[in-house]
Amino acid sequence: IPARPPGTRWPAEISIGKRHRKEFGDIEALALSYNERGAIIQPIAITTDNKLIAGERRIKAWLHPKSNFRDQPIPVHVITVDSIVAGEWDENAHRKDFTPSEAVAIKREIEVLLKKHAKDRQRHHGGTTHGKKSNATDKLNVRDRAAAMTGKKRSSLDKAEKIEAAAEQDPKRFGKLRDDMNRTGRVDGPFKRLQNMQQGDAIKNSPAPLPGKGPYQAIVIDPPWPQEAEA
């Protein structure tokens, strides 16, 4: 593979692996937007061993036939999980906004490492209660560390992860919520829409109550029309 500038990777170097997203939207429009801007605004996120964390859609746009950058290496942001856990993060990362999806990906990477540490402690303590308490503490540390590193609020990170999980499970239905979240950087609006959609699903999928056995989800009122004679 030819040499490339620091902070970039040739697309062929990046291992994408199994991904959940099936709908990528208008890739050509995204590629043309790179041409207009003269650059990609948000580098893709990868691990130290060049595994993709977030940015498959950006890679596809980068390689699109109409992209002016298709023969160039793509800018990357390397996420070092060990450095995150140790609290040692390059100061430049704090000046670069992560999309909510990228923040969720980082949180998941930290969680994998902390779970491994928790299992090691449990084995060391013979599976005692101390190990269970540590495991519960680790779950809090995951959100705290990921939120601090990405500049996201813990509550926003939790909401973003629920949106991400819904989009992974049903990209056709919930993918737009994730796209809107990442495009605007705002989580509350897409999360509220997700809640409304899920609540609607719960109502539609719940069995209808038997007559006289309420409570009922809806009632029908049929007031007398003006032309109807009163009984």
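**Pockets, strands and a core: a quick tour**

Guide: This is a predicted model, and its second largest pocket holds about 160 Å³ of space.

Visitor: What makes it a pocket and not a cavity?

Guide: In a cavity the probe cannot get out, while a pocket is an open set of points, so the word tells you this space is open. Pro-100, Lys-152, Ser-156 and Arg-186 are among the residues lining the second largest pocket.

Visitor: How do you know which classes of residue line the second largest pocket?

Guide: Sort them: Pro and Val count as nonpolar, Gly as polar, and Lys, Arg and Asp as charged. The lining then has two nonpolar, three polar and four charged residues.

Visitor: Where does the 22 Å expected for helix α7 come from?

Guide: Helix α7 has 16 residues. You take 1.5 Å times one less than that number, so you get the expected span. From first C-alpha to last, α7 reaches 23 Å, close to the 22 Å expected.

Visitor: What makes β1 and β3 edge strands?

Guide: The open sheet has the order β1-β4-β2-β3, and β1 and β3 each pair on one side only.

Visitor: Which residues touch the most other members of the largest nonpolar core?

Guide: Ile-14, Tyr-34, Ile-44 and Ile-74, out of 16 residues in that core. Helix α1 gives the largest share, four residues.

Note on methods
Residues are numbered from 1 along each chain as its sequence is written. This is a predicted model: local features need pLDDT of at least 70, side-chain atom pairs count only at pLDDT 80 or more; totals for chains, interfaces and linings use all residues. Side-chain values use heavy atoms; hydrogens and water are left out. On a 1 Å grid over the protein atoms alone, a cavity is a set of points where a 1.4 Å probe fits but cannot get out, and a pocket is an open set with protein on both sides within 12 Å along at least five of seven lines; lining residues have an atom within 4 Å of a point. Grid points are joined across faces, edges and corners, and a volume is the space filled by probe spheres set on the points. Helices (H or I, at least four residues) and strands (E, at least two) are DSSP runs, numbered from the N terminus. Two strands pair if DSSP finds at least two bridges between them. A nonpolar core is a set of buried Ala, Val, Leu, Ile, Met, Phe, Trp, Tyr and Cys residues joined through side-chain atoms within 4.5 Å. Buried means under 20% relative accessible area, exposed over 50%, partly exposed in between (1.4 Å probe, protein chains only).
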